[in-house]
Every structure is written in C-alpha cells, then in structure tokens.
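Try each task before you read its solution.

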Amino acid sequence: MKALKIAGIVVAVLVVGIFVFAKTNHVSPLGMVSSDEFDTYSGVAIKGYDPVSYFVSDKAQLGSQEYQYEWKEAKWYFVSEENKNAFVNNPEMYAPQYGGYCGFAVNAGFTAGADPTSYMIQDEKLYLFNGAEVKAEAKAGGSAFFDTSNTNWNKK
C-alpha cells in the first residue's frame, strides 16, 4: 500500500513537472497551431526581434515599438522605417518559417518557443531554434531535416 502511495506521488510530480516545462516553453502538439499563426507568447512576434535584420545585417536585432506593424494578427517590431517598409512590401519573404516556433521542435512533430538569437537562413528563408545545440542538429541534417519539418508543418 505504501509503495502504491509513493508511486502515485511520483507520477503526480512527473505530470506537474511536464506541465510546468510545457507551459514555460509553450510546448504544444503541432496540430494545435494554425499554419497562419505566429508565436506571440511574449506579446509580439519573434519576441520583438526585427525579421528583416536577419537578412540585411546577418544578425538578430531587437526592434522598437516606434516601428511597429501588424500582420497576421501579430505585432512585429523593426529597427528602422526602412526595415518596416521592406517587411510591409513582402512579409512572406522575411517572416520566420513555422510561425516563428523552433524548427527542431516542428521536425519532431510539436511546437516549442524559439530563441530569436538562434537562427539560420536556409534557401532564403528564416528559421528559428531554441538554442545552439538544436540549430547544429538541424544544420547537420541538411535538406532532409527541412523536408521533414516542412512536411510536418504543412500536414497539420
């Protein structure tokens, strides 16, 4: 009886731990996210980073509310009026793939928040990752990695 009680406590602690991890990293099944929606968990798309800056300066730069634009029900921040205008004229070119969620998570069949400073531009598309380790795995996987990720994202 005591062992059963301990097992119940262990299971409860594990469930709570998984729930806290999922909530903290906003992890969810891939099917719960629309292909047209962007990760706005922080209140703004890609945590306020300027999506154009990845392409024009090859670095992640925080945008400003001063240069703000709303697209696909998400607020986007930019470092300059020029970057904002570039995005307004062609948002599909600059917006991150997979709604700004971690590309590695999408490859594995779920969504998770991404670190906007961990990114890769592949075939003129922006991909975000949840850290250097998973970015390295994606890079090592080459085109097969992105083929699987694209299939997962598009079939939901």
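Predicted model: local features only at pLDDT ≥ 70, side-chain atom pairs only at ≥ 80, totals over all residues.

**Exercise 1: the cavity**

Solution: Next, its size: the volume of the largest cavity is about 70 Å³. Eleven residues line the largest cavity, and nearest its centre are Asp-39, Ile-46, Lys-47, Gly-100 and Ala-114. Finally, sort the lining by type: five residues are nonpolar, four polar and two charged.

**Exercise 2: one asparagine**

Task: is Asn-83 buried or exposed, and which residues does Asn-83 contact beyond its neighbours within four places in sequence?

Solution: Start by placing the residue: Asn-83 sits in helix α3, which spans residues 81–89. Then check the accessibility. Buried means under 20% relative accessible area, and Asn-83 comes in at 9%, so it counts as buried. With those sequence neighbours set aside, the contacts of Asn-83 are Asp-50, Val-52, Ser-53, Val-56 and Phe-78.

**Exercise 3: the whole chain**

Task: what order do the elements follow from the N terminus on?

Solution: Count up six helices and six strands, then read them off as α-β-α-β-β-α-α-α-β-β-β-α. For burial, 38% of the 156 residues count as buried. To finish, take the contacts with a separation of 6 or more: 58% of them join residues 24 or more positions apart.

Technical notes: Residues numbered from 1 in each chain as written. Heavy atoms only, no water. Helix = DSSP H or I, 4+ residues; strand = E, 2+ residues; numbered from the N terminus. Buried < 20%, exposed > 50% of the residue type's maximum accessible area, 1.4 Å probe, protein only. Contact = heavy atoms within 4.5 Å. 1 Å grid on protein atoms, 1.4 Å probe; cavity = no way out; pocket = protein on both sides within 12 Å on 5 of 7 lines; lining within 4 Å. Points joined across faces, edges and corners; volume = space filled by probe spheres on them. Nonpolar A, V, L, I, M, F, W, Y, C, P; charged D, E, K, R; others polar.
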